Amino acid sequence: RQATHMVDIMPFETMNRAGAYGYGDIRVTKENYHQLDLGEIDRLPFGDKEFDFVVCRHTLEDIKDPIKVSREI
């Protein structure tokens, strides 16, 4: 299954789109890509229970407050 939204600190244009996110066509576009610092977790543009699951890759080790981010996920 492919992601329908993505949050990253890097700009959309830097995303590795060639096979880095599993099989099939990637569904993340500039419209559903959110360039945000997860250190500012209160700014996420998503409502409660908006997603069935969240994938967090190579993220928590780089965040100042990983407990707060984990609670939000």
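Where does Thr 59 lie? I found Thr 59 in the loop between β2 (33–35) and α1.

**Ground rules.** I am working with a predicted model, in which local features need pLDDT of at least 70, side-chain atom pairs count only at pLDDT 80 or more, and totals for chains, interfaces and linings use all residues. Residues are numbered from 1 along each chain as its sequence is written, and side-chain values use heavy atoms, with hydrogens and water left out.

**Overall layout.** I counted 1 helix and 2 strands in the protein chain, in the order β-β-α along the sequence. Helices (H or I, at least four residues) and strands (E, at least two) are DSSP runs, numbered from the N terminus.

**Burial and surface.** I noted that 21% of the 73 residues in the protein chain are buried. Buried means under 20% relative accessible area, exposed means over 50%, and partly exposed is in between (1.4 Å probe, protein chains only). The chain exposes about 6000 Å², with 49% of that supplied by carbon and sulfur atoms; accessible areas come from the Shrake-Rupley method with a 1.4 Å probe, and for residues only the protein chains shown count as cover.

**Back to Thr 59.** Thr 59 counts as buried because its relative accessibility is 19%. Its side chain reaches the backbone oxygen of Arg 57 at 2.7 Å.

**The chain end.** Next I looked up Ile 73, in the segment after α1. Ile 73 counts as partly exposed because its relative accessibility is 48%. Leaving aside residues up to four places away in sequence, Ile 73 touches Val 54 and Cys 56; contact means heavy atoms within 4.5 Å. I also checked Lys 49, which is 24 residues from Ile 73 along the chain, and the two C-alpha atoms are separated by 9.6 Å.

**The largest pocket.** How many residues line the largest pocket? I get 42, of which His 5, Met 6, Val 7, Val 54 and Val 55 lie nearest its centre. A pocket is an open set of points on a 1 Å grid over the protein atoms alone, where a 1.4 Å probe fits, with protein on both sides within 12 Å along at least five of seven lines; lining residues have an atom within 4 Å of a point.

I also wrote down that β1 (6–8) and α1 (66–72) each supply at least two lining residues, and that the largest share, 3 residues, comes from β1.

Methods
Polar contact = N/O pair within 3.5 Å; in protein donor to acceptor, adjacent residues only side chain to side chain.
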